[in-house]
There are 2 protein chains.
Amino acid sequence: MFSSTRRAAVAAIAALFIAGPVGAQAADPLPSWNAGPTKQAILSYVARVTRPGPDFVPPEERVAVFDNDGTLWSEQPLYNQFVFVLDRVKQMVAKDPTLRQKPAFAAVADGDMAAVAKLQEKDLLEMVAATQAGLTVEQHQALAAAWLKTARHPKFGKPYTALTYQPQLELLAYLRASGFKTWIVSGGEVQFMRAFTQAAYGVPPEQVIGTSLRMKFDPGDGKANLTFAPALGSLDDGPGKPENIALQIGRAPLVAVGNSDGDQQMLEYSAASTRPSLQILVHHDDAAREFAYDRASKMGRLDKALDEAARRGWTVVSIKNDWRTVFAAP
Amino acid sequence: MFSSTRRAAVAAIAALFIAGPVGAQAADPLPSWNAGPTKQAILSYVARVTRPGPDFVPPEERVAVFDNDGTLWSEQPLYNQFVFVLDRVKQMVAKDPTLRQKPAFAAVADGDMAAVAKLQEKDLLEMVAATQAGLTVEQHQALAAAWLKTARHPKFGKPYTALTYQPQLELLAYLRASGFKTWIVSGGEVQFMRAFTQAAYGVPPEQVIGTSLRMKFDPGDGKANLTFAPALGSLDDGPGKPENIALQIGRAPLVAVGNSDGDQQMLEYSAASTRPSLQILVHHDDAAREFAYDRASKMGRLDKALDEAARRGWTVVSIKNDWRTVFAAP
């Protein structure tokens, strides 16, 4: 106990000198957010719950949840994980042509993008199950990490992990510095996300909630083996988000950030908290710097939630107007 | 950022002075553990993975999981939560006598302990579902917290939360001071446990994994409502433990502590890690100070896991010999 306290003191003193002279004005925690009502809503909320007063919230109750696709990184023209799964399906069909018997698999293998565009959620979930079944978490994450290193976004030509949003990285860091525990709650498959969330967002694996497959435990012969089963465990989308938050976190989040109708219930759950809370919806309205889409989009459809945001006074982020910079610097 | 760094430095400096002069000998972190091979195995393992060397493990990978019933607090003569559920069933039958149509419910209402003793796991799960269905997490936790304040253990006459094991509280604190994140992974219902784990063990709600019911999300009219559904979500026992650890933590634990056959798979999962790991089984062999039971017990049966511990060199804790004190001081 003693020596770790001592190390912490030494580290903190060193940080003090690196951070600058005592009494210096605190820098803007959100430099990539333009001044205006959106930024002000965030700063005011955080001040209100962290400073002494009637709305003060104890640190252990400061829970912030972020959707991932379209909220922390780009999700157009296809969810990044969708592209990963398509690439994995191509590899699998190349190794085992009998998989072509499934029309969806054949379409993917042939690069029939018109057919791929028509795939439904159930097709994608079936592919997730087929490509992960039998793998351990570690094997699957190694495949995801390798893919993320080489894959490039079709519009920007960059790795997907280079297309995280700078303003959101600042928001995550600002919330953490204000005593919030930050979580990702996404429709993406949970173990795929865990391959990059620590490096990309500073969010450790145990604070990532996502869609999951069932698992199969085999005690083995002195060597336990835990692998994915080809069956959906939980779909972390829509009502699945508040349900999984209750299961894994055990309380309603006070800050909830999303960008689509699939996030609506998570924001509603947050808004129902007895504590002061903040709901944020990112509106992709910047075709010049990123993409512009909302009500009719297949990926990240923002229709009902946009109306509800207006009705309930949720904070809507206009990427065009509120974000000075969109993507994180390399 | 700056001001929080400064506050941390001030706190750390203050802690230094409180902790004593620089260079003082660190106190025994496990004073309630008797000297011997068990205590030595724990101290040696922690030193091995936290000091520079070939077996050093980065802090983010230091995950320790503890079963709850029989591992952190007493589980005899009945699991504490079992008693809670029986009390809730009695209340419900008193309010709604039609529930007597279920023989198990009638037996509980009549205090027919011979019949209660014959209840199976499925009966208990059905009662958990019936007593929680329709409640919110907060309502259920309030009932659990109120019950824990008034209920008394039949042998010791104390509140159940006064029957936590002092040596385990020290082990939890020692692991945390050594950079481990400590989790509870228990067959108990997860939201019941979250009513007391922070106060009793210093383990926050989001680091508690347990058996869970499904949930039902109702957007309500401007007020979202999330309640328990009367259906089992996941049974966190046996193979369910490693499966839920993978789902919620995302990696194999390096330290796994249990006391029954229901913990065996969690210990096997830990032992299969590529990192150095430590498996601990608590053996209740102290009828004078607590209880003595193992192979044939209905609650906390320790049969197969005891043999496997011998075969694989897992660390077996004898309460009689290894623990100087059993229960935490009030």
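The model is predicted, so local features need pLDDT of at least 70 and side-chain atom pairs pLDDT 80 or more, while totals for chains, interfaces and linings use all residues. Residues are numbered from 1 along each chain as written, chains are lettered from A and ligands numbered from 1 in written order, and side-chain values use heavy atoms, without hydrogens or water.

The structure holds one cavity of 30 Å³ or more (a set of points on a 1 Å grid over the protein atoms alone where a 1.4 Å probe fits but cannot get out, lined by residues with an atom within 4 Å of a point). The volume of the largest cavity is about 30 Å³ (the space filled by probe spheres on points joined across faces, edges and corners). Its lining is made by A:Glu189, A:Val190, A:Gln191, A:Ser212, A:Leu213, A:Met215, A:Phe228, B:Ala246 and B:Leu247. Two or more of these residues come from each of α9 (190–193) and β3 (208–218) of chain A and α11 (240–248) of chain B (DSSP runs numbered from the N terminus, helices being H or I of at least four residues and strands E of at least two).

In chain A, seven strands form an open sheet of mixed pairing, in the order β4-β3-β2-β1-β5-β6-β7 (strands pair if DSSP finds at least two bridges between them). Because β4 (225–234) and β7 (315–318) of chain A stand at the edges with a single partner strand each, one side of each is left without a neighbour in the sheet. Within this sheet, β1 (residues 63–66) and β5 (residues 255–258) of chain A run parallel and are joined by three bridges, and A:Val65 of this chain stands opposite A:Ala256 in β5(A).

In chain B, strands β6 (residues 278–283) and β7 (residues 315–318) also run parallel, with four bridges between them, and B:Ile280 has B:Thr315 in β7(B) as its bridge partner.

Each chain also has a cis peptide bond. The one in chain A joins A:Gln76 and A:Pro77, with omega about 0°, and A:Pro77 lies in the loop between β1 and α3 (80–95) of chain A. In chain B, the bond from B:Gln76 to B:Pro77 is cis with omega near 0°, and B:Pro77 is found in the loop between β1 (63–66) and α3 (80–95) of chain B.

Technical notes
1 Å grid on protein atoms, 1.4 Å probe; cavity = no way out; pocket = protein on both sides within 12 Å on 5 of 7 lines; lining within 4 Å.
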